[in-house]
Amino acid sequence: MTKKHFEMVARILKHRARAIINSSANNEEKNYALFELRNTMYNFSDEFEAANPKFDSLKFAEACKVEKYFQIIREDIYQESQ
């Protein structure tokens, strides 16, 4: 796989994360969906790293932005509990 493929997958995961954030689901549902998407992102990262030694897992995670959206929802949940 090439950088082009990695970028395509990162873009798809980023759009999925954004769709989850913007959905009408409650924050608990968004948290669960983003948790699962984050696990999927890390699964892809592991496979990409095994397939291509030049693959940069940190750069991939940053491009996906799943972790960023996951943290936003977790902060919202925390704020709701205060």
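Let's start with Asp76. At 33% relative accessibility, Asp76 counts as partly exposed, because that class lies between buried, under 20% relative accessible area, and exposed, over 50%, with a 1.4 Å probe and protein chains only. Asp76 is found in helix α4. Helices here are DSSP runs of H or I, at least four residues, numbered from the N terminus.

A word on the source. This is a predicted model: local features need pLDDT of at least 70, side-chain atom pairs count only at pLDDT 80 or more, and totals for chains, interfaces and linings use all residues. Residues are numbered from 1 along each chain as its sequence is written, and side-chain values use heavy atoms, leaving out hydrogens and water.

Now the surface. Helices α2 (27–51) and α4 (66–81) each supply at least two of the residues. α4 gives the most, with 3.

Next, Asn31. Asn31 sits in helix α2. Is Asn31 buried or exposed? At 15% relative accessibility, it counts as buried. What does Asn31 touch, leaving aside neighbours within four places in sequence? Phe70, Ile73, Arg74 and Ile77. Contact means heavy atoms within 4.5 Å.

Finally, the whole protein. There are 4 helices and 0 strands. Of the 82 residues, 30% count as buried. The C-alpha atoms fill a box of roughly 45 × 20 × 15 Å along the principal axes.
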